[in-house]
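Visitor: Could you take me through one part of this model up close? I'd like to hear about the aromatic rings.

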Amino acid sequence: MTRSEPGLFLRSNMTIGGENTMEFSDYKQFKDMWKGACESSLGKTPSESALSLAFGVLSGYSYAEVRAATIACLKDSEFKPTPARVLEQLEGGSIEDRARMAWKQVCDAIKKYRSDTSMRFEDKATMWALDCMGGWCEVCWGDAVKNEQIFCRYYATAVRQNIRDVRDHLCGKTERDGSVLYPWDESQIVDVAKVTDVNKGKKIPALTVGEIPEGEKTA
């Protein structure tokens with residue numbers, strides 16, 4: 001009923017918080033790995049209760065994912081091995097980093113589809129943020145730099161409050177205006193997959209003024 005655009009899909013090879021999760025049988029290897037991380041970074045060994053708590057917090061991911069994220073964190077000289085920091089790495093960076101990544105995806109969609117097209121982003125935080133900003137057309141016609149700041153604030157709120165109740169899709173100009181000459185139907189909605197990250201944990205820079213050329217801010 002709807003069509004997807006593989007060019008916009010940034011998929012990870014990992015299953016994030018899905019079927020591949022740590023089981024009790026993974027506890028020993030996790031404990032050895034986590035001890036090593038703490039010893040190399042802090043110079044001390046965590047208690048059994050601390051190890052158990054860390055395992056519980058990170059158990060929504062596979063051992064391979066947790067180990068890879070921990071190693072990536074250890075490359076940062078400021079890293080202290082806490083479950084929260086590893087979770088941040090697993091989820092693609094801080095909320096602010098993820099918001100910038102989501103905004104870049106929105107900008108890519110604006111440049112490709114313009115305001116005429118109705119859009120459906122899989123990321124509910126993106127959908128909610130764009131809706132709060134007035135909808136797809138208003139975002140397409142707005143100033144990219146100002147919109148980035150507004151979007152990131154709304155996006156962070158949606159993530160922190162775990163907002164799940166969002167519109168089915170965002171109306172484009174063709175759907176919103178309605179026309180006998182240019183009929184619209186639901187099959188024209190473009191689906192954009194959630195950014196789940198080839199660039200886990202990397203800082204996503206804010207857009208510069210030239211990110212979207214002046215002529216592409218409107219459609």
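Which residues do ring pairs link into a cluster?

Guide: The cluster that ring pairs build is made of F24, Y27, F30, W34 and F55. Before going on, keep in mind that this is a predicted model, where local features need pLDDT of at least 70 and side-chain atom pairs count only at pLDDT 80 or more, while totals for chains, interfaces and linings use all residues. Residues are numbered from 1 along each chain as its sequence is written, and side-chain values use heavy atoms, with hydrogens and water left out.

A pair of rings gets described by the distance of the centres and the angle of the planes. Here, rings of Phe, Tyr and Trp (its six-membered ring) pair if their centres lie within 6.5 Å; planes under 30 degrees apart are stacked, over 60 edge-to-face, and the rest tilted. That rule gives 8 aromatic pairs. One of them is Y27 with F55, an edge-to-face pair at 5.2 Å centre to centre with 85 degrees between the planes. This pair ties together distant parts of the chain, 28 residues apart: Y27 sits in helix α1 (residues 27-42) and F55 in helix α2 (residues 48-58). Helices here are DSSP runs (H or I, at least four residues), numbered from the N terminus. Y27 and F55 are both buried, meaning under 20% relative accessible area (1.4 Å probe, protein chains only).

Now for F151 and Y155: their ring centres are 5.6 Å apart and their planes at 35 degrees, so this pair is tilted. F151 and Y155 are 4 residues apart in helix α8 (residues 144-160), so about one helical turn separates them. F151 and Y155 are buried too.

Conventions. Helices (H or I, at least four residues) and strands (E, at least two) are DSSP runs, numbered from the N terminus. Buried means under 20% relative accessible area, exposed over 50%, partly exposed in between (1.4 Å probe, protein chains only).
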